[in-house]
Amino acid sequence: MDRIRIAGGRELNGTIPISGAKNAALPLMIASLLTDDTLTLENVPHLADVEQLIRILGNHGVDYSVNGRREHQNGGYSRTIHFTARQIVDTTAPYELVSKMRASFWVIGPLLARMGEARVSLPGGCSIGTRPVDLFIDGLSALGAEIDIEGGYIVARAPKGLVGARYAFPKVSVGATHVMLMAAALARGETVIENAACEPEIVNLAECLNKMGARIEGAGTPTVRIDGVTSLSGARHRIIPDRIETGTYAMAVAMTGGDVMLEGAEPELLKSALDTLEQTGVEIVPLNSGIRVRRNGAGIRPVDVTTAPFPGFPTDLQAQFMALMTMAKGKSRITETIFENRFMHVQELARLGAHIGLAGQTAIVEGVSGLKGAQVMATDLRASVSLVIAGLAAEGETTVNRVYHLDRGFERLEEKLSGCGAKIERISG
Ligand code: UD1
């Protein structure tokens, strides 16, 4: 299993190109199931999760072709991929494929809307209680689907097609909102979704669906109206820049000090995180070409943070922000409200010398004057990258084990960081 070795304690200076957003690419790729025409996506990141979803979609009958194109000087790639689901050959998403990536469960929406049936393995093979899909079931049922659970699979049927309805989510869910948009686009009549997720990735999907002929209004607000149509066509659509990658590198610079241009980043996609970073004493300069992040000599001020659905502080930046706070001058409190058990990075950060106590869903971080390199273990995608940025700031050598998590969500991480003066390398095996 690959490891990443970092010789820490160096400032970051230079330019980092920001890739297309993983969390926008995945639902957009899944939307290709809605039409027999070609959906062309630009700015698709090269990530393990994208490759895995290509395999999953292939199983349903989606063909694809790639136009590679070198776009940035600094090693960033942007791919254009054409997806065509001329014929859906299989409406089952098997356990072996879905268990590897939770988002692949989302194929349930377009398969059901286009084919009148879908049989999709429960994600991770866990029970509904621990990896809930109740919001998907309730939402699709509101559109007239009959849903059963058979042998670890959700079986959804709507032989006469889905029917528009009014549905209020009891809790905000990004994935369930994506699925409802895709399903309602091909339902008969009007659907009104209340308490919809407002994340930029939802807007990116809705804009693409509208180009394909859907009639969706209000995406990006809690109330979304969808006037169903009988079929959708192909389209060409660009994936937004990755706001989590942007925030991660901004926090890396905040930790190490230095001056980095995040090329192609869009500040309005992560306003809350950038405002928080400014409060810590980092200089953030929005420019036409991206965001410049700078911190010189001055110390890091402690700031309390509570994660929340968009436009709040994203849960996907919580671990990275905690890494930053380990070196702040004083105490900060970080509260996680979206996911339980999303503090796996705490004990690994402690191996680097961080002082963090846990009280329920709140971490109390007592800043230390410096971190020291150590061996650490990556536990999930965002936790892994928090260890990398902590390693960049720590004195001495840090080895991050089990880096396959990073490859799921960070394109060419070592290259991008090396380009800014970091000493970071991958050790194979
Ligand atoms: C997406 C993102 C993930 C991000 C998360 C929250 C992708 C591929 N992943 O995940 O990176 O961390 O949004 O911003 O875009 N829930 C239920 N029942 C359900 C569905 C969800 O209770 O049927 C709960 C979840 O357990 C969680 C909360 O709702 O506590 C939010 O989850 P959700 O927004 O659905 O996350 P994902 O879409 O899986």
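## Where the ligand sits

Domain 1 (3–19 + 241–427) and domain 2 (22–238) each give at least three residues to the shell around the ligand, with bounds taken from an automatic or database domain assignment. This is a predicted model, where local features need pLDDT of at least 70, side-chain atom pairs count only at pLDDT 80 or more, and totals for chains, interfaces and linings use all residues. Residues are numbered from 1 along each chain as its sequence is written, and side-chain values use heavy atoms, leaving out hydrogens and water.

## Who lines the shell

There are 18 residues around the ligand, and D134, S173, V174, D316 and I338 come nearest (near means a heavy atom within 4 Å). By type, the shell splits into nine nonpolar, five charged and four polar residues, with Gly counted as polar.

Helix 5 (134–142) and helix 6 (174–185) supply at least two shell residues each; helix 5 gives the most, with three. Helices here are DSSP runs (H or I, at least four residues), numbered from the N terminus.

## Polar pairs and cover

The N23 side chain places an N or O atom 3.1 Å from one, a backbone N or O atom of L135 lies 2.9 Å away from one, and a polar backbone atom of V174 is 2.7 Å from one. On its own the ligand has 750 Å² of accessible area, and the protein covers 85% of that (Shrake-Rupley method, 1.4 Å probe).

## A look at Q318

Q318 belongs to helix 10 (residues 318–325). Its relative accessibility is 1%, so Q318 counts as buried (under 20% relative accessible area, 1.4 Å probe, protein chains only). Leaving aside residues up to four places away in sequence, Q318 touches T307, F313, I334, E336, R342, F343 and H345, contact being heavy atoms within 4.5 Å.

Conventions. A polar contact is a pair of N or O atoms within 3.5 Å; within protein, one must be able to donate a hydrogen and the other to accept it, and residues adjacent in sequence count only if both atoms are side-chain atoms. Buried means under 20% relative accessible area, exposed over 50%, partly exposed in between (1.4 Å probe, protein chains only).
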